[in-house]
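Take a look at the model first, then read on by topic.

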Amino acid sequence: MSTHSIRALRVSPAGVRGIVGTGLTATIALEFCAAFAAFLEPAGPVVLGRDARASSRMLREAALAALMATGRDVVDLGITSTPIVQQTIRRRRAAGGLSIGASHNPSELKFFGPHGRYLSSTEAGELLDFYHLRRTAYVPWQSLGKRLEEPTALDAYLDELADAYDFAALRRFKVVVDCSSGTSSIVLRRLNERHGFAFILINQQLEAVAFAHVPATTARMVGLQLAPLIQPLNADAGFLFDGDSDRVALADDTGRALSEELVLPLVADLQLSHGPGHLVITNLSTTALIDEIANRHHGRVLRIPVGRAAAMDALAAYKPEQVAVAGEGTGAVMMPRFRFVYDGIASMLSVLTLMHERNRPLSAIVDDYPKFTILKGEVPLSSPRIPRLLAELRERYTSGDAPGTANNVDGLRIDWPDRWFHVRVSQTEPIVRVICEQRGASPRELFETLTEEVRRA
């Protein structure tokens with residue numbers, strides 16, 4: 001494999017990501033999926049789903065070939081959302097599953113265990129060993145797996161949502177949704193047809209190449225097309241989904257594009273008020289507003305490294321009933337009711353439920369929260385000096401007249417009573433992320449100083 005191809009492929013506990021053709025090839029997908037089939041211990045089928053992008057069709061063929069060649073039956077859901085793949089794994093008691101999508105990254109293979117859960121760091125490491133050691137077990141033609149279909153997967157998923165939320169109460173809200181040319185449109189159209197919702201959908205056409213816009217769950221993306229429609233349509237809220245429906249961003253009833261950081265605090269506000277769990281699990285890069293929300297409900301926040309595997313490791317240490325919610329400041333939220341699956345549709349319904357129970361517009365709920373200003377940036381990873389730079393930053397910002405408190409379990413985070421920053425190397429992209437947040441006014445000066453230091457490293 002060429003140096004360029006290696007750069008274009010990113011293998012981590014979060015999964016396999018890369019640019020199709022130059023990094024993530026059909027051969028790599030086939031070999032990884034064959035290793036995954038050998039890695040899965042229980043007998044049983046593997047659930048497979050994909051998004052609508054042109055490259056996902058090719059990757060799906062590679063995955064299907066690998067899994068069947070190793071003797072696994074494959075429940076092929078076709079174009080569907082990642083949460084539906086995970087729910088089908090549980091419902092079918094499958095050995096595991098695979099979702100081919102993109103979220104906010106290049107093409108990605110997401111692997112799931114027997115209960116539809118993301119792999120822990122130990123499991124992800126074991127899967128990588130299977131791949132690197134070529135521990136695969138192809139079978140003779142007489143034992144090849146079969147391709148199975150599951151036409152009821154979408155309705156089974158909606159049945160679970162209907163059992164968790166008061167659809168009759170939520171139907172009164174007028175909601176505009178930006179589907180970002182992704183799989184949320186399939187789910188929301190069926191919610192309209194079967195359950196009487198009237199979601200107003202934009203960018204609902206599934207696209208293989210020409211996407212309506214980058215499917216990033218950020219306030220900037222919300223502000224492009226979704227937020228300007230809220231007031232003219234007299235809507236109560238707006239939601240924007242990523243390509244495979246596991247993340248969501250939002251706009252309030254005034255047409256204000258809200259920070260993606262607000263999704264977790266809003267869902268936590270609801271979950272903590274219902275109980276029984278009082279623990280919120282989130283990463284070091286997430287807004288301090290989550291701590292304020294937890295304090296209101298006498299809960300507590302556990303800060304962990306960034307990434308799905310770290311979240312799974314943390315969740316494994318607690319009983320489900322102890323945890324109110326887990327998630328991060330990207331619009332990705334997990335709830336115990338849904339076995340800790342990132343689910344943007346469930347997050348949207350939770351926000352609408354909060355509005356219903358408080359009998360307040362979304363803008364009023366958000367304005368009642370303390371104001372925090374967060375700035376996020378990224379710098380291409382091109383220097384081996386980053387570890388030395390983090391050590392220098394730690395020394396500088398934990399000494400002097402106003403020393404901060406350091407946390408270096410994932411890069412470097414420094415906290416003061418009214419502000420914090422986090423500098424870390426991304427697990428999924430060749431970049432260094434710089435995040436600063438402050439209560440009230442913007443931490444612009446600190447953010448620009450840190451960004452420039454990382455750039456010069």
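Asp 129 sits in helix α5. The model is predicted. Asp 129 belongs to a negative surface patch, together with Glu 41, Glu 123, Glu 126 and Asp 313. The points below cover that patch, the helices, the salt bridges and some backbone details.

**Negative surface patch**

- Five residues make up the patch: Glu 41, Glu 123, Glu 126, Asp 129 and Asp 313.
- Helix α5 spans residues 121-132. Helix α5 contributes the most to the patch, with three residues.
- Asp 129 has a relative accessible area of 43%.

**Helix α2**

- Helix α2 covers residues 26-39, which is 14 residues.
- At 1.5 Å a residue, α2 should span 20 Å. The C-alpha atoms at its ends are 20 Å apart, so expectation and model agree.
- The buried residues of α2 include three phenylalanines: Phe 32, Phe 36 and Phe 39.
- Ala 29, Ala 34, Ala 35 and Ala 37 are also buried in α2, as are Ile 28 and Cys 33.

**Helix α13**

- Helix α13 runs over residues 344-358 and has 15 residues.
- From first C-alpha to last, α13 reaches 21 Å. That is close to the 21 Å expected at 1.5 Å a residue.
- In α13, 12 of the 15 residues are buried, so the helix is largely enclosed by the rest of the structure.
- Buried residues of α13 include Gly 344, Ile 345, Ala 346, Ser 347, Met 348 and Leu 349. Ser 350, Val 351, Leu 352, Thr 353, Leu 354 and Met 355 are buried too.

- Helix α12 takes in residues 308-315. Seven of its eight residues are buried, and the helix is mostly covered.
- The buried residues of α12 are Arg 308, Ala 309, Ala 310, Ala 311, Met 312, Ala 314 and Leu 315.
- Leu 191 lies in helix α8, which covers residues 184-195.
- Leu 191 has 0% relative accessibility and so counts as buried.
- Leu 191 and Met 334 are 143 residues apart in sequence. Their C-alpha atoms are 21 Å apart in space.

**Salt bridges**

- The structure has 36 salt bridges.
- Arg 308 and Glu 108 form a salt bridge through their side chains, at 3.0 Å from N to O. This pair joins distant parts of the chain: Arg 308 is in helix α12, Glu 108 is in strand β6 (residues 107-112), and they are 200 residues apart.
- Both partners of that pair are buried. Arg 308 has 11% relative accessibility and counts as buried. Glu 108 is buried at 0%.
- Glu 292 pairs with Arg 439 in a salt bridge, with the closest N and O atoms 2.3 Å apart. This pair also links distant parts of the chain: Glu 292 is in helix α11 (residues 289-296), Arg 439 is in strand β20 (residues 431-439), and 147 residues separate them.
- Glu 292 counts as partly exposed, at 23% relative accessibility. Arg 439 is partly exposed as well, at 38%.
- Glu 378 and Arg 433 meet in a salt bridge, 3.4 Å from N to O. Here the link runs between strand β16 (residues 372-380), which holds Glu 378, and strand β20, which holds Arg 433, 55 residues apart.
- Glu 378 is partly exposed, with a relative accessible area of 49%.
- Arg 60, Glu 61, Asp 76, Arg 147 and Glu 149 are connected in a salt-bridge network.

**Backbone details**

- The peptide bond from Gly 275 to Pro 276 is cis, with omega near 0°. Pro 276 lies in the loop between α10 (263-274) and β12 (279-283).
- His 298 is not a glycine, yet it has a positive phi of about 60°. His 298 is in the loop between α11 and β13 (300-304).
- His 298 has 72% relative accessibility and so counts as exposed.
- Phe 340 also has a positive phi, near 55°, in a residue other than glycine. Phe 340 lies in the loop between β15 (333-334) and α13.
- Phe 340 counts as buried, at 4% relative accessibility.

Conventions
Residues numbered from 1 in each chain as written. Predicted model: local features only at pLDDT ≥ 70, side-chain atom pairs only at ≥ 80, totals over all residues. Heavy atoms only, no water. Patch = residues over 30% accessible without salt bridge, like charges linked within 9 Å, V, L, I, M, F, W, Y side chains within 5 Å. Areas by Shrake-Rupley, 256 points an atom, 1.4 Å probe, with all protein chains shown as cover. Salt bridge = Lys/Arg side-chain N within 4 Å of Asp/Glu carboxyl O. Lys, Arg positive; Asp, Glu negative; His and termini not counted. Charge placed at Lys NZ, Arg CZ, Asp CG, Glu CD. Helix = DSSP H or I, 4+ residues; strand = E, 2+ residues; numbered from the N terminus. Buried < 20%, exposed > 50% of the residue type's maximum accessible area, 1.4 Å probe, protein only. Expected span 1.5 Å × (residues − 1).
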